[in-house]
Amino acid sequence: KVTLDGDTAYGRAICHNPMTLADRDGNDHTMFIGIWYVDRYVRTPEGWRIAERSEERSYVHNQPPGFAVG
């Protein structure tokens, strides 16, 4: 979703991030992290650019024990 305001715009986009890592026993473990990118864009002579980006966590699924998601 993008909202235009002259030469500035605001947007929100979802990111679904599957991650596979080795667990303590060396086995593959797949977890899923979902975040929202919250952006402010500006129009430049070269086109639209991201001026600011922040993230909002949406979900974490199948997180292995002892693994911290920041």
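User: What does buried mean here, in terms of relative accessible area?
Analyst: A residue is buried when its relative accessible area is under 20%. This is a predicted model, and 17% of the 70 residues of the protein chain count as buried.

User: How many helices and strands are there?
Analyst: The protein chain has 0 helices and 4 strands. In sequence order the pattern is β-β-β-β.

User: Is the chain compact or spread out?
Analyst: The protein chain is more spread out than a compact globule, because its radius of gyration is 17 Å, well over the 11 Å that the globule rule gives for 70 residues. The C-alpha trace spans about 55 × 20 × 15 Å along its principal axes.

User: Which residues make the nonpolar surface patch?
Analyst: Val2, Leu4 and Trp48 make a nonpolar patch of about 320 Å².

User: Why is Leu4 called exposed?
Analyst: Exposed means over 50% relative accessible area, and Leu4 has 63%, so Leu4 is exposed. Leu4 lies in strand β1, which covers residues 2-5.

User: Do β1 and β2 run parallel or antiparallel?
Analyst: They run antiparallel, with 4 bridges joining β1 to β2, residues 8-22. Asp5 stands opposite Thr8 in β2.

User: What sits between the strands in that hairpin?
Analyst: There are 2 residues between β1 and β2. In this hairpin, Gly6 takes a positive phi near 70°.

User: Last one, what share of contacts join residues at least 24 apart?
Analyst: The share is 42%, among contacts between residues at least 6 apart in sequence.

Terms used
Residues numbered from 1 in each chain as written. Predicted model: local features only at pLDDT ≥ 70, side-chain atom pairs only at ≥ 80, totals over all residues. Heavy atoms only, no water. Patch = residues over 30% accessible without salt bridge, like charges linked within 9 Å, V, L, I, M, F, W, Y side chains within 5 Å. Areas by Shrake-Rupley, 256 points an atom, 1.4 Å probe, with all protein chains shown as cover. Salt bridge = Lys/Arg side-chain N within 4 Å of Asp/Glu carboxyl O. Buried < 20%, exposed > 50% of the residue type's maximum accessible area, 1.4 Å probe, protein only. Pairing = 2+ DSSP bridges. Rg over C-alpha atoms; globule rule 2.2 N^0.38 Å. Contact = heavy atoms within 4.5 Å.
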